[in-house]
Amino acid sequence: MTWRPRRSRVIAYALAGTIMLVMIVLAIVVPPPFGLADRIGLVVFGILVVGLLHVIARSRVVADERGLTVVNPLRTHRYDWAEVLRANMAEGDPWPTLDLADGTSVGAMGIQGSEGQRARKAITELQALLHERGEAPEPS
């Protein structure tokens with residue numbers, strides 16, 4: 001199961017496309033005092049901005065048989081089910097926080113609190129998976 005933010009991805013990629021288009025148009029129509037290096041610089045700047053927006057938009061949380069993969073803008077974390085104790089997202093939080101067995105916590109930006117009902121459904125599904133797969137089986 002994979003959770004990705006919808007709104008932020010749409011906004012980031014739409015903005016990336018718009019910025020790249022504007023940079024290419026500027027590189028073509030910029031007046032003659034600007035040379036080839038300036039034109040190339042505009043396009044390279046556009047590419048850098050697009051790359052930054054992609055890094056932001058790639059956030060996701062992936063649950064598989066072995067555990068969770070949390071992809072945030074700068075880092076990717078891989079956790080076994082037993083390592084994640086709980087997922088919390090209070091009203092108004094931008095994204096859930098995963099509490100880990102080693103006493104630390106990590107944000108899971110792949111679920112965006114700004115998406116309202118969709119985020120509540122995602123956190124409920126994630127909590128159910130943590131309950132099902134993260135706890136030791138009951139002794140018989």
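The expected span of a helix is taken as 1.5 Å times one less than its number of residues, and helices (H or I, at least four residues) and strands (E, at least two) are DSSP runs numbered from the N terminus. The structure is a predicted model, in which local features need pLDDT of at least 70, side-chain atom pairs count only at pLDDT 80 or more, and totals for chains, interfaces and linings use all residues. Residues are numbered from 1 along each chain as its sequence is written, and side-chain values use heavy atoms, without hydrogens or water.

Helix α3 comprises 18 residues and reaches 25 Å from its first C-alpha to its last, close to the 26 Å expected. Buried residues (under 20% relative accessible area; exposed, over 50%; partly exposed in between; 1.4 Å probe, protein chains only) in α3 are A119, A122, I123, L126, L129 and L130. Seen down the helix axis, these residues fall within an arc of 125° and so line one face of α3, the arc being that of the directions from the axis to the C-beta atoms. On the other side of α3, Q117, K121, H131 and E132 are exposed.
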